[in-house]
Amino acid sequence: MSMLIIENLHARVEGKEILKGLSLSVSAGEVHAIMGPNGAGKSTLGNVLSGRDGYEVTAGTVTYNGIDLLALEPEVRAAAGVFLAFQYPVEIPGVNNTYFLRAAFNAQRKARGEKEFDSMQFLKLVREKLKVMQISDELLHRAVNEGFSGGEKKRNEIFQMAVLEPQLAILDETDSGLDIDALKHVADGVNALRSPDRAFLMITHYQRLLDYVVPDFVHVLADGRIVESGDKSLALKLEEHGYAGLGEGVAA
Amino acid sequence: MSSSMINENSASTTLRDNADVAEALGRSYAAGFVTEIEMTGLPPGLDEDTVRQISAIKQEPEWMTEWRLEAYRHWLTMPKPDWAKLDIDPIDYQAISYYAAPKAGLKSLDEVDPALLETYEKLGIPLHERAALAGVAVDAVFDSVSVGTTFRKQLAEAGVLFCSMSEAIREYPELVRKYLGSVVPTGDNFFAALNSAVFSDGSFVFIPKGVRCPMELSTYFRINAQNTGQFERTLIVAEEGSHVSYLEGCTAPKRDENQLHAAVVELVALEKAQIKYSTVQNWYPGDENGVGGIYNFVTKRGDCRGDDSKISWTQVETGSAITWKYPSVVLRGDRSVGEFYSVALTHHCQQADTGTKMIHLGKHTKSKIVAKGISAGRSSNSYRGLVKMEKGAEGARNYTQCDSLLIGKQCGAHTFPYMEVKNPSAIVEHEATTSKISDDQMFYCRSRGISEEDAVSMIVDGFCKQVFRELPMEFAVEAKKLLEVSLEGAVG
């Protein structure tokens, strides 16, 4: 059975319909890339799935591990294993990065009825993850995203993902604004987290991320719907021909 | 760095606090209970006889009685201050009882009424344990009379005097006469004059020349009797080259009548002396509709009397229906340093008009002001600060940072910075920001699994970090908890 089943999803932002009947199924272990032109609804999809305020679902369903995902508060979704890597990670001045992450980690564990980690246990876990992610621990001592460079912010998102170990990771344009070295680092991080139990939804505008994180499926999102699906070759085709002309011939 | 500090703090709190406290803190106003102890006191009303009676009860010498009477007579001639951005119902000074005390005369901790000790326990201040655990000497003030003082011996060995003001007046009259009223004169302002006339007790600290006080000194205040004004008087004198860190914290039981609290704190720092004064203020703030709560009119002033001296105020103000308070530093000595770190939180219908005054008289004096205001509910929160560079303040510097954080749409934050610069070589810097907890920040936290309430307290804690790290660790924990409790229901 699929981990995530999106059926005929319609969603509005500020009265404007952005998603217009989006359907998609994602199973554990799979990496799906969602591509599409600006304004197609890519980020809206990520925000609707993670429960951001201001996104009104007008029709359709989203079933996650057999439950109605849309009925859950954002923090409940997080505890259930849904993670959104933000396109624009948010700064929280004065709040230490490690402290923030431990609060999140323990809140999720508590919600799942698991035992919370004390600071020693958590520090040990963080050290292990740092090694895997090849991130300097200097990042840990700073306030959440405060004064981080674009690349540092994105890597911090991936680092959070590594610690929180979600089942469903949604990466919202994680590649945007990164130079090639930073992109490689982020991709290495994502690849290290690929597992048979975990699914990825990678929202991206460009195919270059897909050179480093090779997806199992590529979907083209245009005008609020998936207009074409295929394997990674679809992404290359898009790179060559652009988004223009896509979706034509798909029944309305 | 700071995170591990918080972690350690949480651990030490768990150690110290009993379960009731933790449970109570998780709910509403934690200190809302009344201790059943027989009280003796004066009937409501204020005239010269009242002042004489208070002085007589305290077995004060004639000069002290006269000092009080002079203050009282001056008070009668003074107008009530009305310049603050506060909406205050008229106070009937004749309806207040000016002296209340636990009935039995107490000489040691063992004689303290068990109910009283229990009260401290509930508040999380188990006198012996806390003192032993934390190495803090506690001069606990219950209503108007000091009931217990610990670690007196150890302090005495270092030559430090730490006792109640009443005792100081009896035991060290020459010191009291020399310094009392020398920083805040009896006629300084309406509330200081009132305090000078009727002050019931408080703390006296004297650190002799060259002595570094071996422990942090701490006093806990608690208003207990109904309709009893609380008029604390504190005097701290640090002689040449000495150091002292003093902690003041207060909680008051819940009740409906407004209670008046008009304290005076005077600090004197002689050459190269350093005084650090930290306050966590948690008087009863009134209910959601603004019924009840403490009126807190405080005069706190430090005098950097000697060259190279330093006075630092750190305050976390979450309580009181009305707060009127401007801890100040007079930078008299050359190269003296004044600091003010403040977090003032208002919720529901609370009103706060607080800030500081830095009066630069000496050459190359420096002052730093970091004020953080948090407003929620329908509250009003004002920062009011004066930086004055007098003619002689050659090369003096001030840096002021005022940040306001708004939670919700019905609260107000105001900043009133005053600057008077009479020396052209002086430098005054002022920065101010106003921000809101953004939807983005809230969603970011929630998408990571953190609940709305925890997200708010985390963001607020981050906002206050600059001030919290100035607090002694014990207080930083309490301050953080207080903000959490005070902000309950502010979001959502």
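Two strands pair if DSSP finds at least two bridges between them. The exercises below concern a predicted model.

**Exercise 1. Describe strand S11 of chain B: which strands pair with it, and which residues point each way?**

Step 1. Strand S8 (residues 233-238) of chain B pairs with S11(B) in the parallel sense over six bridges. In that pairing Val237(B) stands opposite Val268(B) of S11(B).

Step 2. Strand S13 (residues 293-304) of chain B also pairs with S11(B) in the parallel sense, over six bridges. Thr299(B) in S13(B) is the bridge partner of Val264(B).

Step 3. In a regular strand the side chains alternate between the two faces of the sheet. In S11(B), Val264(B), Glu266(B) and Val268(B) point one way, while Val265(B), Leu267(B) and Ala269(B) point the other way.

Step 4. Both sets are buried. S11(B), residues 264-269, is accordingly mostly covered, with six of its six residues buried.

**Exercise 2. Is Arg233(B) buried or exposed, and what does it touch?**

Step 1. Locate the residue: Arg233(B) is found in strand S8 of chain B.

Step 2. Apply the cut-off: a residue is buried if 20 or more other C-beta atoms lie within 10 Å of its own. Arg233(B) has 26 C-beta neighbours inside 10 Å and therefore counts as buried.

Step 3. List the contacts, leaving out residues up to four places away in sequence: Arg233(B) touches Met165(B), Asn195(B), Phe199(B), Gly202(B) and Val264(B). Asn195(B) is one of the buried residues of helix H10 of chain B, and Val264(B) belongs to S11(B).

**Exercise 3. Explain why helix H10 of chain B is described as largely enclosed, and say what covers it.**

Step 1. Eight of the nine residues of H10(B), which runs over residues 190-198, are buried, so the helix is largely enclosed by the rest of the structure.

Step 2. The buried residues include Phe191(B), Leu194(B) and Val198(B), and also the polar residues Asn195(B) and Ser196(B).

Step 3. The cover over these buried residues includes helix H3 (48-57) and helix H4 (62-76), together with S8, S11 and S13, of chain B.

**Exercise 4. Characterise the packing of helix H3 against helix H5 in chain A.**

Step 1. Geometry: the axes of H3(A) and H5(A) (residues 150-164) come within 10 Å and cross at roughly 35 degrees. The crossing is right-handed.

Step 2. Residues: from H3(A), Leu101(A), Ala104(A), Phe105(A) and Gln108(A) meet Gln160(A), Val163(A) and Leu164(A) of H5(A).

Step 3. Classes: this contact is made of five nonpolar residues, two polar and no charged.

**Exercise 5. Describe the side of chain A that touches chain B.**

Step 1. Count: 26 residues of chain A are in contact with 23 residues of chain B.

Step 2. Elements: helix H2 (74-79), strand S7 (92-96) and helix H3 (97-111) of chain A each supply at least two residues of that side. H3(A) gives the largest share, seven residues.

Step 3. Classes: on chain A this side has 15 nonpolar, eight polar and three charged residues.

**Exercise 6. Give the strand order of the open four-stranded sheet in chain A and explain why two of its strands are edges.**

Step 1. The order is S2-S1-S4-S5, with antiparallel pairing.

Step 2. S2(A) (16-26) and S5(A) (67-68) each have a single partner strand, so one side of each is left without a neighbour in the sheet.

Step 3. For S2(A), the pairing with strand S1 (residues 4-13) of chain A is antiparallel and holds eight bridges. Ala11(A) stands opposite Leu19(A) of S2(A).

Conventions
Residues are numbered from 1 along each chain as its sequence is written. Chains are lettered from A and ligands numbered from 1 in the order in which they are written. This is a predicted model: local features need pLDDT of at least 70, side-chain atom pairs count only at pLDDT 80 or more; totals for chains, interfaces and linings use all residues. Two residues are in contact if their C-beta atoms, placed from the backbone, lie within 7 Å. Axes are lines fitted to C-alpha atoms, for helices over the stretch in contact, and angles run from 0 to 180 degrees between N-to-C directions. A crossing is left-handed if the near helix is turned anticlockwise from the far one by less than a right angle, and right-handed if clockwise. A residue is buried if 20 or more other C-beta atoms lie within 10 Å of its own, exposed if 12 or fewer, and partly exposed in between; C-beta atoms are placed from the backbone.
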